[in-house]
Each structure stands twice: as C-alpha cells, then as structure tokens.
Amino acid sequence: MSTLWTFGDSLTERFRDDHEWSKKYIEWKGYTPKVYGELLSDELKLKLENKGSNGSDNYKIFETICRTAKDIKDGDKIIIGWSDVARFRLVGSNGKWVSLIPNFKNHINDLGYVTIDTVEQILVNRGDSTLYTDEVNSWIEFINLHFKNNEVIHWTQFNKEFNAHRLDLFTTITKETNGEIFDRHYGEIGQKELAGYFIKLLKARLI
C-alpha cells in the first residue's frame, strides 16, 4: 500500500482537544472531525503519515520533510502546506526551537534574553523583503527534484508568491459556526473542500 505524506502547520495537523482553538471547535461539533489528509487517505485507500504540527513555521516544515525523506518511497503521494513567510524560529532558553508567529506573544517568555523589540524588528525585516519568499520557492524546487518519482502537491493559505496552489477561499470555522467561534482555520466543511480539491488535482494528473 502506498503512503500519503502530509506536511504543514495547524491546517494539516489533526484536530486535537489539547489545542485551545481546535478544542473549542471539537466541543461545538460534539465530535472530532477529520482533516484533509484523513479524508484523502480514506478516499484513495492510502496509508496516512500526517506530519503537520500546530504553529509551525516554514523552517520547521522543511526540516521535517528533510528528516522524513528517507522513509518516503517511490509512488507515495506528498502534500505540503506551506505556512506564512513572516513566521520564523529562534532557539529558546531551553535549547529547543521556538516558532514565532506575528501578533502572538505566547512564546516570547521562552526566548530568555531575546526581547519583544528584537522579535518585532525581525518581523518587519521579513515583511520588507521578497528574499524570504524566494527562499521557500528554492525549497519547493529542490523538493520537486528530489521526489521526481512521487506526486507532490504544494499549497498555502498565505503567500500568493509561493510556487504553490493558493487555497484561501474555503469555509473557515468562523463561517461554519456563524461567528460563534472566531477562527480562520478550516473547519470540517473547509477540510472536505480542501480534500476535494486535492482529489481532483491528483485524478487530473493520472489522465
């Protein structure tokens, strides 16, 4: 059986009741919905390896792909959801990577001597240059060359300059819950829409 590998941030990771945003949504639904990887796995009869991780920056996503590459076999399918180019990571006071997300200060205390001003200056620097987008596009090119014997799909909800499918118009949790929960993640409906898009894309490549 071939394997479907999915990489990305919280848009890819399974809904979990230990994440605040998805816990509220799971409680609203009354059950834990499936994400696009699970839906594709069921539809295409593929084993699923979901490597998505909440709050990931693109450096973490790329590193996860690099560390997983040895386990990916010819014929496996790969879907990579790239995150916002503004996100970045620094080594925290515990010696581990800390992902920094614009407008979220929840990890700032994990950085030790690094100040909020420093983080904000880096965010401005990242927003002022297209080189960070070019960086991700170079990774995309490398991945496509390395996995030439695989179906590889790149997508993003964020940067339109990525050489990837821009998929930012699907149903969010806010829309699905009629505003009861304000959250721009895709809910169950959006995840089904996302899976449907990928199914059409994969079937088109078989023609």
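In this predicted model, Ile80 is in contact (heavy atoms within 4.5 Å) with Phe7, Ile61, Ile65, Ile143, Val152, Ile153, His154 and Trp155, leaving aside its neighbours within four places in sequence. Ile80 and Trp82 have the most contacts inside the largest nonpolar core, which has 28 residues. Such a core is a set of buried Ala, Val, Leu, Ile, Met, Phe, Trp, Tyr and Cys residues joined through side-chain atoms within 4.5 Å, with buried meaning under 20% relative accessible area (1.4 Å probe, protein chains only).

Two or more residues of this core come from each of β1 (3–7), α3 (58–68), β3 (77–82), β5 (97–100), α4 (116–127) and α5 (131–146); helices (H or I, at least four residues) and strands (E, at least two) are DSSP runs, numbered from the N terminus. The largest share, five residues, is that of α5. Another core of 18 residues lies apart from it, with Leu4, Leu46, Phe170 and Phe198 among them.

A cavity here is a set of points on a 1 Å grid over the protein atoms alone where a 1.4 Å probe fits but cannot get out, and lining residues have an atom within 4 Å of a point. Lining residues of the largest cavity include Asp9, Leu11, Trp82, Trp155 and Phe158, and β3 and β6 (151–156) each give two or more residues to this lining.

Residues are numbered from 1 along each chain as its sequence is written, and side-chain values use heavy atoms, without hydrogens or water. Local features need pLDDT of at least 70 and side-chain atom pairs count only at pLDDT 80 or more, whereas totals for chains, interfaces and linings use all residues.

Definitions and conventions: Buried < 20%, exposed > 50% of the residue type's maximum accessible area, 1.4 Å probe, protein only. 1 Å grid on protein atoms, 1.4 Å probe; cavity = no way out; pocket = protein on both sides within 12 Å on 5 of 7 lines; lining within 4 Å.
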